[in-house]
Amino acid sequence: MHFDAIPQTEKVKHVRKTTYELVEFLTDILKVKEFPWASYKHKVAIHNSCSAIRGLHIQSRSEWQEPYFNKTEQLLTMVEGVTIKQITRPDECCGFGGTFCVTDEAVSVKMGQDKVADYVNHEVDCIVSPDMSCLMHQEGIAKRGKAPLKFVHIAQVLNNGPF
Amino acid sequence: MSKVRVDQNAADFIYMDDIHQPTHDKNLWNARMKRDLAASGIPEWEQMRDLASQIKEHTLTHLDQYIEQFVTEATKRGVIVHFAKDDIEHNQTVYDILKSHNATKVVKSKSMLQEECEMGAFLEARGIEMIETDLGERIQQLSGEMPSHIVMPAIHKTTADVAELLQEQSVRIQMRMILHS
């Protein structure tokens, strides 16, 4: 990417090259094929963050003409009991966006409410994501709207808890 | 250009009622779906997108050369090219041309540059009536609002909003005709 505030020494380059997001590390480096200890009997919707989709490319982008893939889904299908649900706008931003949720609060909240409504309309009972901040934002909105949804990090599911 | 409070505009729009924001969302999502459908029918879409991106980058990084080339070629064909360093100079240049022809009316096609220069207000204040030729822009002009989108200027309005606006406008025109007769 474009971060070059510090000199790009060999050491720095090495750290950059060998730093991975959890899902891509499990999928591309460890190439994990099973999670025999894990069981999660839920109707699950996946939420990959915008940066994970457009920056890290852990899932295909719906606005691109490219073959479908989703590394988070690939991992979750190895967990016994998980039923993956597809929502209407699976890679739509949830509206968190860091400081955006403070500077543009009305839009941020509305986007979150739309996202939560999409889950409810598809009878999802749990949202699994590799991104804590998206989960936090959506969970707050779901709680205020009294939507019966659980929000868990993918590490919790793959590790079989704690929840 | 006067500063636009994007966050405040968005908040006002979201909280105004239960109709406008959901309709706007539906319209934009439909536009997105149509775009995806069109793109999926072209096998080389992504290559074309890359190429277009490269052309754009090339043009922007060689803009000085292309502007000079344009000026040379256009001048050869009898076109007079004007330069303006800012909105004030731009608006004044347009106004001076109109004034030299004693023009009192001008039609204008969709231009975001002229929106940013607030040329409409500038000309109106100097007695020149401006008529937008693009329907979306015309709707926005009659509403006294800026466009909410660069290619879909009135996308935030519902059919009912436009109907009401045009009705008001027609009443105003009829009143004027009665007063003048």
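Contact here means heavy atoms within 4.5 Å, and buried means under 20% relative accessible area, with exposed over 50% and partly exposed in between (1.4 Å probe, protein chains only). Helices (H or I, at least four residues) and strands (E, at least two) are DSSP runs, numbered from the N terminus.

Before I go on, this is a predicted model, where local features need pLDDT of at least 70, side-chain atom pairs count only at pLDDT 80 or more, and totals for chains, interfaces and linings use all residues. Residues are numbered from 1 along each chain as its sequence is written, chains are lettered from A and ligands numbered from 1 in the order in which they are written, and side-chain values use heavy atoms, leaving out hydrogens and water.

Back to H8(B), then. Just after the helix, Gly144(B) takes a positive phi of about 70 degrees.

Now for charges. Side chains of opposite charge can pair when their charged atoms come close.

Let me show you a few within helices. In H3 (residues 45-61) of chain B, Arg49(B) and Glu46(B) lie 3 residues apart, about one turn of the helix, and their side chains meet at 3.1 Å, N to O, in a salt bridge. Arg49(B) is partly exposed at 29% relative accessibility, whereas Glu46(B) is buried at 12%.

Helix H4 (residues 63-76) of chain B holds Glu73(B) and Lys76(B), also 3 residues apart, and they form a salt bridge at 3.3 Å, N to O. Here Glu73(B) is partly exposed at 31% and Lys76(B) is exposed at 61%.

Over in chain A, Glu139(A) and Lys143(A) are 4 residues apart in helix H7 (residues 132-144). Their salt bridge has its closest N and O atoms 3.9 Å apart. Glu139(A) is partly exposed at 29%, while Lys143(A) is exposed at 59%. Chain A also has a network of salt bridges linking Arg54(A), Glu63(A) and Asp91(A).

Finally, some backbone features. Most residues other than glycine have a negative phi, and most peptide bonds are trans. Where does His57(A) sit? It is in the loop between helix H3 (50-55) and helix H4 (71-76) of chain A, and has a positive phi of about 60 degrees although it is not a glycine. Asn102(B), in the loop between helix H5 (87-100) and strand S1 (105-108) of chain B, has a positive phi of about 55 degrees, and is exposed at 68%. And a cis peptide bond, omega about 0 degrees, joins Gly161(A) and Pro162(A), with Pro162(A) in the segment after helix H8 (154-158) of chain A.

How values were computed. Salt bridge = Lys/Arg side-chain N within 4 Å of Asp/Glu carboxyl O.
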